[in-house]
Amino acid sequence: MAPKYKLTYFDFTGLGESIRFLFSYGGIEFIDNRVSRADWVALKPTIPLQQMPLLEFDGKVLHQSVAISRYVGRLVGLAGKNDLEDYEIDAVVDTITDFRLQFLRYRFEANPETKQALKEKLDKETIPLIFGQMDSWVKKNNGYLANARLTWADVYFAALMEMITQAQADLLDNYPNLKAVVKNVLSLPKIKAWVEKRPKDVL
């Protein structure tokens, strides 16, 4: 009997959405356990590192969004075929994480002057460096971020960009290859069906 997967995350897209995308892509049923901010207060002290998402099955509790995405990516056939291919995927996802952390630091900075300085660094240094490199990787890999085929790195990136571009719609305008990656992932039939039926974010 196949395991029953339970994914626990907030009632919005965020770091849980790449995992939801991957389960959907693979046609694997999962319990989408969404936690409200009010319920999170009581739940937080009971879970590893007091962080979500969590993936539970067969008595196991997995944590850390990238590690879970990697695990589910392998389940659905989107991991590397050897150690070097896995390295290429991991290097891409680590690069995406570098961007994500700097972007979130800017978004949640309360001091106006510091926020403006962080924004300027993002626009003039971080985004051109990281997205410029990544855009060239897609061109080299026939439209994908790694290994010249669809991997969980593409799905992870698309899920993150779908969320972030709601706050900054023009983020990928200068990076057509990256923009195409997002469009192509969101056009995959099972992911498209998930996006159309999923609950609306509660922010």
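1. Helices here are DSSP runs of H or I with at least four residues, strands are runs of E with at least two, and both are numbered from the N terminus. The model under discussion is predicted. By that numbering, Pro 53 falls in the loop between helix 2 (37-43) and strand 3 (54-57). The peptide bond leading from Met 52 into Pro 53 is cis, and its omega is near 15°. As background, most peptide bonds are trans.

2. The loop between helix 2 and strand 3 also holds Leu 49. Although Leu 49 is not a glycine, its phi is positive, at about 60°. Most residues other than glycine have a negative phi. Leu 49 has a relative accessible area of 56% and is therefore exposed, the cut-off for that class being over 50%.

3. Ala 148 is another residue other than glycine with a positive phi, here near 55°. Its place is the loop between helix 5 and helix 6. With a relative accessible area of 36%, Ala 148 counts as partly exposed.

4. On the aromatic side chains, a search of the whole structure gives 15 aromatic pairs. One of them joins Phe 23 and Phe 30: the ring centres are 5.0 Å apart and the planes stand at 20°, so this pair is stacked, because planes under 30 degrees apart fall in that class. Phe 23 has a relative accessibility of 0% and counts as buried. Phe 30, at 17%, counts as buried too, since the limit is under 20%.

5. Phe 30 also pairs with Trp 194. Their ring centres are 5.7 Å apart and their planes are at 50°, so the pair is tilted. This pair links distant parts of the chain, with Phe 30 in strand 2 (residues 30-35) and Trp 194 in helix 8 (residues 189-197), 164 residues apart. Both Phe 30 and Trp 194 are buried.

6. Which residues do ring pairs link into a cluster? They are Tyr 5, Phe 23, Phe 30, Phe 57, Tyr 71 and Trp 194. A separate ring contact involves a charge: Lys 115 lies over the face of Tyr 106, 4.6 Å from the ring centre.

7. Helix 1 (residues 17-26) packs with helix 3 (residues 65-75) at an angle of about 5°, and their axes are 9 Å apart. Helix 1 and helix 3 are therefore roughly parallel, as the cut-off for that class is under 35 degrees. On the helix 1 side the contact has Ser 18, Ile 19, Leu 22 and Phe 23, and these meet Ser 65, Ile 68, Ser 69, Val 72 and Gly 73 of helix 3. By class, the residues in this contact of helix 1 with helix 3 are five nonpolar, four polar and no charged. Phe 23, listed in this contact, is also a member of the ring cluster.

8. How do helix 6 (residues 152-167) and helix 7 (residues 176-187) cross? Their axes come within 9 Å, and the crossing angle is roughly 95°. Helix 6 is therefore roughly perpendicular to helix 7. Helix 6 contributes Asp 154, Val 155, Phe 157, Ala 158, Met 161 and Glu 162, while helix 7 contributes Leu 178, Val 181, Val 182, Val 185 and Leu 186. The contact of helix 6 with helix 7 divides into nine nonpolar, no polar and two charged residues.

9. Leu 186 of helix 7 deserves a separate entry. Its relative accessible area is 24%, so Leu 186 is partly exposed. Beyond its neighbours within four places in sequence, Leu 186 is in contact with Phe 21, Glu 162, Ile 191, Lys 192 and Val 195. Leu 186 and Glu 17 are 169 residues apart in sequence, yet 12 Å apart in space, C-alpha to C-alpha.

10. Pro 128 is located in helix 5 (residues 112-140). It is partly exposed, at a relative accessible area of 35%. Not counting residues up to four places away in sequence, Pro 128 touches Leu 122, Asp 123, Gln 133 and Tyr 175. Between Pro 128 and Asn 174 there are 9.0 Å in space, C-alpha to C-alpha, and the two are 46 residues apart in sequence.

Definitions and conventions: Residues are numbered from 1 along each chain as its sequence is written. This is a predicted model: local features need pLDDT of at least 70, side-chain atom pairs count only at pLDDT 80 or more; totals for chains, interfaces and linings use all residues. Side-chain values use heavy atoms; hydrogens and water are left out. Rings of Phe, Tyr and Trp (its six-membered ring) pair if their centres lie within 6.5 Å; planes under 30 degrees apart count as stacked, over 60 as edge-to-face and the rest as tilted. Buried means under 20% relative accessible area, exposed over 50%, partly exposed in between (1.4 Å probe, protein chains only). A charge sits over a ring if NZ of Lys or CZ of Arg is within 6 Å of the ring centre and within 35 degrees of the ring normal. Axes are lines fitted to C-alpha atoms, for helices over the stretch in contact, and angles run from 0 to 180 degrees between N-to-C directions. Angles under 35 degrees count as roughly parallel, over 145 as roughly antiparallel, 65 to 115 as roughly perpendicular and the rest as oblique. Contact means heavy atoms within 4.5 Å. Ala, Val, Leu, Ile, Met, Phe, Trp, Tyr, Cys and Pro count as nonpolar, Asp, Glu, Lys and Arg as charged, and the others, Gly among them, as polar.
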